[in-house]
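Let's walk through this assembly together, chain by chain.

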Amino acid sequence: MAISLRNLSVDYSLPQGTAHALRGVSLDIEKGELLGLVGESGSGKSTVAFALMGLLANNAKVTSGTATIDGKSFDLTKRNATAALRGRGMAMIFQDPMMSLNPVFTIGTQLCEVLRRRSPGSDRKARVGMAEDALDKVKLSNPRRRMNQYPHELSGGMRQRVVIAMALLSEPALLIADEPTTALDVTVEAQIMREIIGLRDRIGCAVLLITHSLGLVTEYCDRLSVLYAGERLESGTVRQVQRQPGHPYTRMLFDCEVPIDRERQADASENRFTVISGDLPDPRRRPPGCIFNGRCDVSFDDCAVINPGDYPVGNEAEHRARCLRLATP
Amino acid sequence: MSGLVATLKRICSERDGRLGLAFTCLILVFALVGPLVSPDPNAIDIKARFAPPGVMHLLGTDNLGRDLMARTSVGTRYALTLAVMIVVISSVIGSLIGIVAGIAGGWVDRAVTAVFDIVNAFPPLILAFALIALYGKGSATFVLLVTVVFIPQFGRMARARAQTLRTLSFIEAERMLAVHPVTIVVRHYLPNVAGPIIVLASMNLPVVIAFEASLSFLGFGVQPPKSSLGTLIKDGFISINQSWWPTVAAALVLAIATLGATLLGEALRRVIDPKSAGVR
Amino acid sequence: MTDAISISNAQLRFGETAALDGVSLAIPQGTCFGIVGESGSGKTTLMRAVLGLQKLDQGEIRILGNPLVHSRAALKQRASFIQPIFQDPAASLSPRSRIRTLMNEVGTVLREPHAAMHERLRVILNRLGLPPGVIDKYPHEISGGQARRVAIARALLMKPSILIADEPTAGLDVSVQGDLLNLLQDIRRSDNITLVVISHNLAIVRLIAENAVVMRAGKVVEGGEVGSLFKSPREAYTRELLAAWPGVTQSKPTG
Ligand SMILES: Nc1ncnc2c1ncn2[C@@H]1O[C@H](COP(=O)(O)OP(=O)(O)OP(=O)(O)O)[C@@H](O)[C@H]1O
Ligand SMILES: Nc1ncnc2c1ncn2[C@@H]1O[C@H](COP(=O)(O)OP(=O)(O)OP(=O)(O)O)[C@@H](O)[C@H]1O
Ligand code: SF4
Ligand SMILES: [Mg+2]
Ligand SMILES: [Mg+2]
């Protein structure tokens, strides 16, 4: 399904005040497309996912936002706006695998439950077979034995793969994967991405991939959106953004990536990691001007006062970023 | 505090929850306000025997001319107090025993489970008679009895929860910091066991109320001249040919109380423990 | 000098699975040691055994030369110098306690004055890029990466001399990951702590660790000084890992 999210704003109320976790975020995912969502830790990526799934915490409030799914509009400020779509229509792989696993049931029971919900009439034997098959696809060794194990008997990476298998089995129209492969090594990660892409090719689902791995995004995603402190700073196709990042934050993020071939130096001070210095702004009070001002390495006077709009980068209409340097003078 | 408000809000978001809450509040008001606005529940007035409901006696009178409004509300208050006391004591003791068994494992766990099994092997009424034979009739025996009967339920649930909690990394993180074991139990096990225990407790309230009523009905609970819902139903039942009011009034209160508590308990379970209700 | 951790012939089975199958290794004091390997190869199990959370079927573990003892007194004593960072970030924070409460527990254990402890905490939170406001939240009110950093801050607050971190950078963006690794390196140098990093991120192990081992199916399949280990890996698995690395570098933007 094609999904377009418009102007999503989410507040969290806390004793210390209201934190604006998202401010007017828009995303588009076409049918059969992989959208990568990256951004600083705490920038609101999971909040986007939770808002779509209708699983926001009790103290959260959607202050604006609509989701258009296959032409049908949902007002996200209403509670349970997307409830109808959850079961069959959307599936989410949570960042913390234990959030989707019940510690008191075996892996097999939980996988079969997903299948039972998808097609209630099916035969139990067939379900077990399909579940084992799914575990095999995510490269879990000895699926038959895993079926009878409890979540705590699996390693961190195995748990993560069980959750992925669960999501794949539900054959959703929109798959939201929140950091699905953090505990997995690159070979398994590649296999999982192949499975996700396989599912997409087979049933044409849309995929929202939330990740910190720029490598993953550039290898597997079609398009990319960059979130920072609750605002979308850049969006475009992966090729466009890779060739010419429109926003300084995106460029600096790419610069922080640790290349695999960087070698250790004898002098320990040579082994520093590149970082973006400075802090995230206070989510309760947005400073005027550009949200990235203060950490940006190419900022100028106007940045502190003018809030940049969403400008096209280069001549490409699809590639946009919120930086004053792009505004045509 | 905001947690409580949020919980109430979510309970009120469905019909059963609203109904349960309304019934429970009704009974609470009846039990708390009733005795204040009616005459002495034990004042005998032979001239006014079996009076129908009226201005003087809102719910009429019984065979000795005692005011039934007063007696029923006092009886309700008594039944509620007993029930709450029993459920609170047995859930706290049960949780602590269960948590300790779940953490300790090994022979401690086996011993505790065995004792739970033995207690549960006797039907509650048989156990009741045995205890009454030992300690005599009266409310103290009753409290002791029902508390003992209910401990295993809470204990089992707490034990099962504690066993899963023990495998989670936050408990291991606490242990690795060498935080005092008592602190770990009180601060990290109890609050995480509390949800399902509270739900179980609220679902047990009506069971205790009904259990008390049935024991009192059989004459083993509250002793006269005190009144409880069970004795009221029994007394009314004896003289049902002269007047059907007393029985119906007390039975109605019993029904509303148990129904209200059950509905509220179910709603609470759906809110606190959504997984067990099949949501998600 | 005695090794910070030495393990000889550790064996542990869970039913049919041999989680540890004769693991032997020595981690010198004051160094950084990397453990990499397939998912399910026994890395976490090894860490839990070293922490005394998991008894071995066979084999011996020595910490700073002393054999590991499974008693409460020993555990308490160990807590003062060895601290873990668990793999599952959110699950390693007690869900019904505010983060402030969790941090205060450390102060109670260390018998450190409240103000002094919070001053140290402020510095650590700041270096990890966490806003000071996080300590008034509950664990479910912070993001995954923030939970990871809170757990790390708590372990660091104990001033351990040995820190075992299970996937410390998973779920962190590259910039915050850099902050964390720089902090760990600084602490390591200033306090001379021993750092054990379990990670599937070969690029960072290569940069921060002096020595590393590669585990597979409960065994150490190869190990040694990181430079030579990654330059000319003997094992097919290690080569596979290096080859499958998704890189952004080759097509990195110019300018
Ligand atoms: N229930 C809540 N109450 C208050 N604040 C919250 C709550 N949930 C999240 N937050 C805050 O909102 C911000 C965004 O959180 P979110 O989980 O969406 O981040 P994220 O982008 O997924 O980060 P990460 O990559 O670390 O998982 C964070 O600063 C977090 O502390
Ligand atoms: N409590 C347990 N009961 C049964 N089996 C277990 C238990 N704990 C671990 N195992 C098994 O031991 C093996 C090693 O697990 P471990 O958690 O050490 O892997 P790992 O190397 O940390 O993997 P990952 O990178 O995925 O976290 C796995 O096959 C796992 O299923
Ligand atoms: S608007 Fe200014 S501060 Fe913001 S990103 Fe552009 S140059 Fe940097
Ligand atoms: Mg997140
Ligand atoms: Mg592990």
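**Contacts between the chains**

Q: How many residues of chain A are in contact with chain B?
A: This is a predicted model, in which local features need pLDDT of at least 70 and side-chain atom pairs count only at pLDDT 80 or more, while totals for chains, interfaces and linings use all residues. Residues are numbered from 1 along each chain as its sequence is written, chains are lettered from A and ligands numbered from 1 in the order in which they are written, and side-chain values use heavy atoms, with hydrogens and water left out. Taking contact as heavy atoms within 4.5 Å, chain B contributes six residues, and the number from chain A is 10.

Q: How many salt bridges does the rule find between chain A and chain B?
A: Chain A and chain B bury about 670 Å² between them, 60% of it on carbon and sulfur atoms; buried area is the accessible area (1.4 Å probe) that two parts lose on being put together, summed over both. A salt bridge needs a side-chain nitrogen of Lys or Arg within 4 Å of a carboxyl oxygen of Asp or Glu. Across the interface of chain A and chain B, the count by that rule is zero.

Q: Which residues of chain A lose the most area to chain C?
A: Here 59 residues of chain A are in contact with 61 residues of chain C. The area buried between these chains is about 4900 Å², with carbon and sulfur atoms giving 55%. Together 16% of what the chain A side buries comes from I260(A), R264(A) and F273(A).

Q: Which residue of chain C forms a salt bridge with R145(A)?
A: Between chain A and chain C there are two salt bridges. In the one made by R145(A), the closest N and O atoms are 3.5 Å apart, and the partner is E16(C).

**The ligand 3 shell**

Q: How many residues around ligand 3 are charged?
A: The shell, meaning residues with a heavy atom within 4 Å, includes H247(A), C290(A), C296(A), C303(A), C323(A) and R325(A). Ala, Val, Leu, Ile, Met, Phe, Trp, Tyr, Cys and Pro count as nonpolar, Asp, Glu, Lys and Arg as charged, and the others, Gly among them, as polar. On that basis seven are nonpolar and three polar, and the charged count is one.

**A record for chain C**

Q: What are the end C-alpha atoms of residues 5-242 of chain C apart by?
A: UniProt, in an unreviewed entry, lists this span as "domain: ABC transporter". The span is 40% helix and 26% strand, and its end C-alpha atoms are separated by 28 Å.

Methods:
UniProt positions are given in the numbering used here, feature names are shortened, and annotations may be inferred rather than shown by experiment. Helices (H or I, at least four residues) and strands (E, at least two) are DSSP runs, numbered from the N terminus.
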